[in-house]
Amino acid sequence: MLMPRQKTPDLTLETLDHGTFDLTTDGSERGTVICFYRGLHCPICATYLTEFQKRVADFADRGVKTIAISSDGQERTRAMADKIGADTLRFAYDLPLAKAREWGLYISTSRGKTSIGIEEPALFAEPGLFMVTPEQTLYYGSVQTMPFVRPHFSELVGALDFAIKNNYPARGEYTGAV
């Protein structure tokens, strides 16, 4: 399990239009929001990423970079970016499933074609949403076992405003006996 205020796993992946994404050198004032999504086969992901795309400027105004990542290859990732009309949201692809596990993501097996007629990969990662500080420590994290009921980006932007104003620390950091 990833722990708040502790270093996250390294993450280096190719992006569609922005060269190599390297979390250790992403270089933002306040951090990076990383949205791991299931892949092109997931209609809920397309809706979710459309909302994320709409909030990229809100995060940027607060000194936070954004990226969407899946285990899909370049072609399927491009299809997802095109599908949602991404023009500012960065997309990375070819997330190794071993790396997904390092981030605490759940892995699912294919059930064939989805409701939109796209074949699921044999194995793929379920969603996760993280905010990582510029020092590469975990500030916020949410992982899910299926595509439903995800955190709202508008709420994360509002939470960021509160955290910035009040210098609010990452919580959930206690690892001692209970």
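**Reading the contacts around F52**

Modeller: Leaving aside residues up to four places away in sequence, F52 touches V33, C35, F59, T66, I67, A68, L89 and F153, where contact means heavy atoms within 4.5 Å. The model is predicted, so local features need pLDDT of at least 70 and side-chain atom pairs count only at pLDDT 80 or more, whereas totals for chains, interfaces and linings use all residues. Residues are numbered from 1 along each chain as its sequence is written, and side-chain values use heavy atoms, with hydrogens and water left out.

Colleague: How should I read a nonpolar core, and which residues have the most contacts inside the largest one?

Modeller: A nonpolar core is a set of buried Ala, Val, Leu, Ile, Met, Phe, Trp, Tyr and Cys residues joined through side-chain atoms within 4.5 Å; buried means under 20% relative accessible area, exposed means over 50%, and partly exposed lies in between, with a 1.4 Å probe and protein chains only. Here the largest core has 27 residues, and those with the most contacts inside it are V33, L49, F52, F59, M80, L89 and F91. At least two residues of this core come from each of β3 (31–36), α1, β4, α2 (74–84), β8 and α4, these elements being DSSP runs numbered from the N terminus (helices H or I, at least four residues; strands E, at least two). The largest share of the core, 7 residues, is supplied by α1. A second, separate core has 18 residues, among them L13, L23, F36 and A100.

Colleague: How are aromatic pairs read, and how many does a search of the whole structure find?

Modeller: Rings of Phe, Tyr and Trp (its six-membered ring) pair if their centres lie within 6.5 Å, and planes under 30 degrees apart count as stacked, over 60 as edge-to-face and the rest as tilted. The search finds 8 aromatic pairs. In one of them, F52 and F59 have ring centres 6.2 Å apart and planes at 80°, so the pair is edge-to-face; F52 is buried at 0% relative accessible area, and F59 is buried at 0%. W103 and F130 also form an edge-to-face pair, with 5.1 Å from centre to centre and 70° between the planes. Because W103 lies in the loop between α3 (97–102) and β6 (107–109) and F130 in strand β8 (residues 128–132), this pair ties together parts 27 residues apart in sequence. W103 is buried at 1%, and F130 is buried at 3%.

Colleague: Which residues form one aromatic cluster with F52 and F59?

Modeller: The cluster consists of Y48, F52, F59 and F153.

Colleague: How do I read the salt bridges, and what is the partner of E51?

Modeller: A salt bridge is a side-chain nitrogen of Lys or Arg within 4 Å of a carboxyl oxygen of Asp or Glu, and the structure holds 12 of them. E51 pairs with R55, the closest N and O atoms being 3.2 Å apart, and these two residues lie 4 residues apart in helix α1 (residues 43–61), about one turn of the helix. R55 also meets D58 in a salt bridge at 3.0 Å, N to O. E51 is partly exposed at 28% relative accessibility, R55 is partly exposed at 23%, and D58 is partly exposed at 23%.
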